Amino acid sequence: MDRRLFLGGLLSGLATRGRADAPLTSVRPVARPATAARAAVPAGGAADLVAEAKLGGRTCYALFDLKSGEMIEAIDPGRPMPPASTAKAITSLYALEHLGAGYRFATRVIATGPVQGGKVAGDLVLAGGGDPTLTTDGLAELAAALAKQGVRGVEGRFRVWGGALPYIREIDRDQPEWVGYNPAVGGLNLNFNRVNFTWKRQGKDYAVGMNAEDRRFVPQVNVARVSLSERDLPVYAYDEKGGFEDWSVSRQALGGGGSRWLPVRHPDLYAGDVFRTLAAGAGLKLPAPEVASRAPQGRVLAERGSDDLDDILRQMMRYSTNMTAETVGMAASQRRGVTRHAVSGPEMSAWLGGRAGVEGARFVDHSGLGGASRISAEAMASALVRLGPGARLATLMKEIGVEEDGVRLPATVHAKTGTLNFVSALTGYFTAPGGRQMVFAIFSADVDRRDALGMSERERPKGGKAWVKRARGLQHDLIGRWASLYSA
């Protein structure tokens, strides 16, 4: 009988890009290519499935029994492979161990002098605590809290401080300048350190702008500016002039109208700029923000805590937010005495080797965005077997139902996907029909093809979408095979 199993959502919901899918989404000012058709599930064993996918490069996987910890089946399980965003599963384990599931990041507004007659007799400081999930509406809550206390102005300066975590200008230098999934990271972050570029056709021209859109508030942004250019390529170009983040965009690429989130390189000034606008709306007049070089001392006038870490990680795993991974990973490394992002990924690698007893993992970051990271399928699955149950990692991963001919089977997948150009990965927990619990890691990568891409090709490489679709189809077929073979 031709058995057709498929995972509801694996080819769409779970297998989203392992690059940037934060909750703030946007329309790209470029055309979308047609979607390739899904091929029929081939017959044969696992090696036949891999050959039928025609991916080139390498495909490796490892399947473990969760209870015994023994490897059930594998193809080339010890080969180091790029994990892409499945690295976030290890980052989650790392952060939970060093920070704790209930850890919260705090953003504070601090006065360096007393409040007299509605004015701060000193400086007012917006001090970040590393919260990767702070949004415009969250800043508005802080501004409202000041207004409720009767604060109407400041005699000194308005300052911003992002020194709670070290600053990096971008997560991976090999990514295009304009992609929103590769922003700066620091101790004061806003909207995943992205600014919303909007455009709308008006006659023969366009109205363009930059804002910090959220559900309740849509303040205009002053520290990031945009202009239009008559060139064809590049679609986006970036420059910094006098404290501004200046973008120019190809007019020919815009179409009728839309929006796109662009990366922010100076997140502390961006957050300060947005807070200043929100504060003005609440009746509090502030001067332009200035960067504070030292941690502020004074009275906390308002404070906003993030959600618990486990909730932050659950959203990170669902939307694959790179900035969140870098923030929580760096915060964990600080607990180990590490103070630089360049050392933080390798420190997590060393921790994993000692804590889980696996060898050969090499992480250059915490998000998986850097293509130089490597871990074998065996090491990844072993880490999930040994560390995942105690950390309740499966509950942080997205649950995907398994179906056969449209009927839901008593089998469940909790997994994390990862995608880079010509790299596709999937790792997680699988409960087969009959209740057997397993752990798997599937890595496919054509590294030579990825490395041959020029910078202008990297956001939307020729053949990339079809390759990823075939790789996800292979993941689907392997899990379908396991559901059939290991249901008892």
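## Aromatic contacts in a predicted model

At 23% relative accessibility, Tyr 103 counts as partly exposed, where buried means under 20% relative accessible area, exposed over 50% and partly exposed in between (1.4 Å probe, protein chains only).

Residues are numbered from 1 along each chain as its sequence is written, and side-chain values use heavy atoms, with hydrogens and water left out.

Ten aromatic pairs are found in a search of the whole structure. Rings of Phe, Tyr and Trp (its six-membered ring) pair if their centres lie within 6.5 Å; planes under 30 degrees apart count as stacked, over 60 as edge-to-face and the rest as tilted. Two of these pairs are tabulated below.

| Pair | Centre to centre | Angle between planes | Class |
|---|---|---|---|
| Tyr 61 and Trp 482 | 5.6 Å | 55° | tilted |
| Tyr 103 and Phe 105 | 5.0 Å | 90° | edge-to-face |

Tyr 61 belongs to strand 2 (residues 58-65) and Trp 482 to helix 11 (residues 464-485), so their pair ties together parts that are 421 residues apart in sequence. Helices (H or I, at least four residues) and strands (E, at least two) are DSSP runs, numbered from the N terminus. Tyr 61 is buried, with a relative accessible area of 2%, and Trp 482 is buried at 0% relative accessibility.

Ring pairs also link Trp 178, Tyr 236, Tyr 238 and Trp 247 into a cluster.

How values were computed
Predicted model: local features only at pLDDT ≥ 70, side-chain atom pairs only at ≥ 80, totals over all residues.
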